[in-house]
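Please keep the sequence and the structure in view while reading.

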Amino acid sequence: MSGIKVCLDGRILPLVRARVPVFDRGLLFGDGIYETLRSYGGRRFREADHFHRLAASARRLGFRLPVSAAMLAREVTRTLAANRLRDARIRIVVTRGVGRPDLSAVTATRPTRLVYALPYAPPSAVTYRDGVRAIISTVVRNDRRSVDPAIKTTSLLNSLFAARGAARAGAREAIMLNPQGFVTEAASANVFWVKDGVLCTPSLDCGILEGVTRGVVLGLARRLGIPVRESRFRPAALERADEAFVTASTIEILPLASLGHRRYPAARPVTATLALAYRALVGA
């Protein structure tokens with residue numbers, strides 16, 4: 001990784017020279033936000049949507065982004081060029097910045113921003129064909145009254161613990177419930193399923209991240225005439241599904257082969273239709 005270059009506070013630097021101050025609140029308290037997006041052939045998919053959500057996350061944490069969306073886009077362009085990347089996974093991280101090493105957030109007045117890009121390695125064609133295993137996680141999603149999951153924060157221990165539990169169970173995805181026992185999302189993806197031709201997904205009031213890919217999939221479904229239901233669901237609804245999949249910018253639409261001991265049918269007509277429509281949208 002020594003050849004990687006990043007953009008730190010507007011400066012393109014080799015990874016080995018990029019330094020964040022010890023008293024940066026992102027380091028000390030996880031007091032920061034981030035976005036992950038994809039570049040296809042040098043073009044970023046739904047970049048404006050990601051920037052809009054980044055700004056919304058900053059507002060919810062009580063600070064403003066240090067640069068405009070246009071400037072941020074230029075920094076992403078420079079980062080891709082510096083690494084000679086066209087197909088890439090891009091991450092933008094913004095912390096509240098340097099302040100006193102205590103809980104007084106007002107001492108930090110200048111946010112730190114970091115942009116980096118890595119070559120994109122998608123899941124294999126076999127993975128998309130066969131799907132992946134999932135479990136219902138024993139780790140409960142953050143309550144909206146504490147750290148609202150709608151904020152894409154760098155404080156990811158909750159998701160990390162869920163993902164670790166999935167890996168120990170031999171699964172890739174961990175489906176998390178909220179404190180009331182309703183399905184929310186996977187550790188780093190939104191979840192959908194199909195029952196009797198209806199596309200179902202947890203509503204935002206369950207305490208989930210309003211995923212950019214989630215919004216694209218909902219829009220495609222409505223355009224294709226696929227009935228959509230956003231609501232509060234118990235795990236049994238997901239377990240009884242005819243098809244299920246997870247979505248995120250880095251994986252697009254990834255089918256689930258099983259949930260715990262429940263194996264889903266190999267035929268996934270709605271998932272396949274949406275995946276083709278998504279790829280066509282990306283290609284356009």
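## A loop and its backbone

Arginine 84 sits in the loop between H3 and E5, where helices (H or I, at least four residues) and strands (E, at least two) are DSSP runs numbered from the N terminus. The model is a predicted one, in which local features need pLDDT of at least 70 and side-chain atom pairs count only at pLDDT 80 or more, while totals for chains, interfaces and linings use all residues. Residues are numbered from 1 along each chain as its sequence is written, and side-chain values use heavy atoms, with hydrogens and water left out.

With a relative accessible area of 79%, arginine 84 is exposed; here buried means under 20% relative accessible area, exposed over 50%, and partly exposed in between, with a 1.4 Å probe and protein chains only. Most residues other than glycine have a negative phi, yet the phi of arginine 84 is positive, near 55 degrees. Arginine 46 also has a positive phi, of about 55 degrees, although it is not a glycine. That residue is found in the loop between strand E4 (43-44) and H2, and it counts as partly exposed because its relative accessibility is 33%.

Aspartate 87 is found in the loop between helix H3 (69-82) and E5, and at 46% relative accessibility it counts as partly exposed. Its C-alpha atom is separated by 38 Å from that of arginine 145, which is 58 residues apart from aspartate 87 along the chain.

## The largest pocket

Rolling a probe the size of a water molecule over the atoms shows where empty space is left. On a 1 Å grid over the protein atoms alone, tested with a 1.4 Å probe, a pocket is an open set of points with protein on both sides within 12 Å along at least five of seven lines, and lining residues have an atom within 4 Å of a point. Grid points are joined across faces, edges and corners, and a volume is the space filled by probe spheres set on the points.

The largest pocket holds about 930 Å³ of space. It is lined by 43 residues, of which Tyr34, Lys152, Ala187, Ser188 and Ala189 are the closest to its centre. Elements that each supply at least two lining residues include strand E3 (32-40), helix H2 (47-61), helix H5 (157-168) and helix H6 (212-223), and H5 gives the most, with five residues. The lining divides into 19 nonpolar, 14 polar and ten charged residues, where Ala, Val, Leu, Ile, Met, Phe, Trp, Tyr, Cys and Pro count as nonpolar, Asp, Glu, Lys and Arg as charged, and the others, Gly among them, as polar.

## The second largest pocket

About 390 Å³ of space lies in the second largest pocket. Its lining has 19 residues, and Arg53, Ala150, Leu204, Glu210 and Gly211 lie nearest its centre. Both H2 and H6 supply at least two residues of this lining, with H2 giving the most, six residues. By class, the lining is made up of six nonpolar, five polar and eight charged residues.

## Helix H6

The buried residues of H6 are Val212, Thr213, Arg214, Val216, Val217, Leu218, Leu220 and Ala221. Just after the helix, glycine 225 takes a positive phi of about 80 degrees.

## Cysteines

The whole structure has zero disulfides, a disulfide being a pair of cysteine sulfur atoms within 2.5 Å. Cysteine 206 is in no disulfide, and the nearest cysteine sulfur, that of cysteine 200, is 12 Å away. Cysteine 206 is buried because its relative accessible area is 4%, and cysteine 7 counts as buried at 1% relative accessibility.

## Buried arginines with polar contacts

Arginine 113 lies in strand E6 (residues 112-119) and counts as buried, at 12% relative accessibility. Its side chain makes a polar contact of 2.8 Å with the side chain of glutamate 75. A polar contact is a pair of N or O atoms within 3.5 Å; within protein, one must be able to donate a hydrogen and the other to accept it, and residues adjacent in sequence count only if both atoms are side-chain atoms.

Arginine 38, in strand E3, is buried at 7% relative accessibility, and a polar contact of 3.3 Å joins its side chain to that of tyrosine 120.
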